[in-house]
Amino acid sequence: MSVLVYTESDKGILKKAAFEAASYGRAIADSTGTPLTAITFNVSDTSKLGHYGVDKVLNIESVDEFNAFIYADAIKQAAEKEGTKLVVLSSTTDSLYLAPLVSVGLNAGYASNVVALPVSTSPFQVKRTAL
């Protein structure tokens, strides 16, 4: 089992949201005693993710432009391959397109607008904003 985090990039460079998501994923991985795996697309240098606690990086060479269906399918496949029980995505516009597709593909629950670390991991409970 592992925690999988989608680390967003633009033109081969990781966005700030990628590092925030990686840090959040690291905290959850630490609390559950599992490794943290990051998935990213077309990134030229993934070494910075190690500074944010990422144990393993899956860098997918894919289409040049963001495509929610292609990215969601790749995230789904990575989650299945890694035995992931939790997928973390940031709250960016791209992730808002991706998250429901990943959730449906994995037949999993989806919590949007999470603003704090989980209160509990069994059962999984998070604090989130509404409206």
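Helices (H or I, at least four residues) and strands (E, at least two) are taken here as DSSP runs, numbered from the N terminus. By that definition, the chain contains 3 helices and 8 strands. Read from the N terminus, their order is β-β-β-α-β-β-α-β-α-β-β. The radius of gyration is 14 Å, close to the 14 Å that the globule rule gives for 131 residues, so the chain is as compact as a globular protein of that length. That radius is taken over C-alpha atoms, and the globule rule is 2.2 Å times the number of residues to the power 0.38.

Before I continue, two remarks on the source. This is a predicted model, in which local features need pLDDT of at least 70 and side-chain atom pairs count only at pLDDT 80 or more, while totals for chains, interfaces and linings use all residues. Residues are numbered from 1 along each chain as its sequence is written, and side-chain values use heavy atoms, with hydrogens and water left out.

Along its principal axes, the C-alpha trace spans about 40 × 30 × 30 Å. Of the 131 residues, 40% count as buried; buried means under 20% relative accessible area, exposed over 50%, and partly exposed in between, with a 1.4 Å probe and protein chains only. The chain exposes about 7,400 Å², of which carbon and sulfur atoms supply 53%. Those areas come from the Shrake-Rupley method with a 1.4 Å probe; for residues, only the protein chains shown count as cover.

Consider next the contacts, defined as heavy atoms within 4.5 Å. Among the contacts with a separation of 6 or more, 59% are between residues 24 or more positions apart.

I turn now to the aromatic residues. Rings of Phe, Tyr and Trp (its six-membered ring) pair if their centres lie within 6.5 Å; planes under 30 degrees apart count as stacked, over 60 as edge-to-face and the rest as tilted. How many aromatic pairs does the structure hold? There are 5 aromatic pairs. One of them, Phe41 with Tyr71, is stacked, at 3.8 Å centre to centre and with 10° between the planes. This pair links distant parts of the chain: Phe41 lies in strand S4 (residues 36–41) and Tyr71 in helix H2 (residues 68–82), 30 residues apart. Phe66 and Tyr71 have ring centres 5.0 Å apart and planes at 80°, so that pair is edge-to-face. Are these residues buried or exposed? Both Phe41 and Tyr71 are buried, the latter with a relative accessible area of 6%, whereas Phe66, at 29%, counts as partly exposed. Ring pairs join Tyr6, Phe41, Phe66 and Tyr71 into a cluster.

Finally, the backbone. Where is the cis peptide bond? The bond joins Ser122 and Pro123, with omega about 0°, and Pro123 sits in the loop between strand S7 (120–121) and strand S8 (124–125).

Two residues other than glycine also deserve mention for a positive phi: Lys11, near 55°, and Asn42, near 60°. Lys11 belongs to the loop between strand S2 (9–10) and strand S3 (13–14), and is exposed, with a relative accessible area of 80%. Asn42 is found in the loop between S4 and strand S5 (56–60); with a relative accessible area of 19%, Asn42 is buried.

Thank you for your attention.
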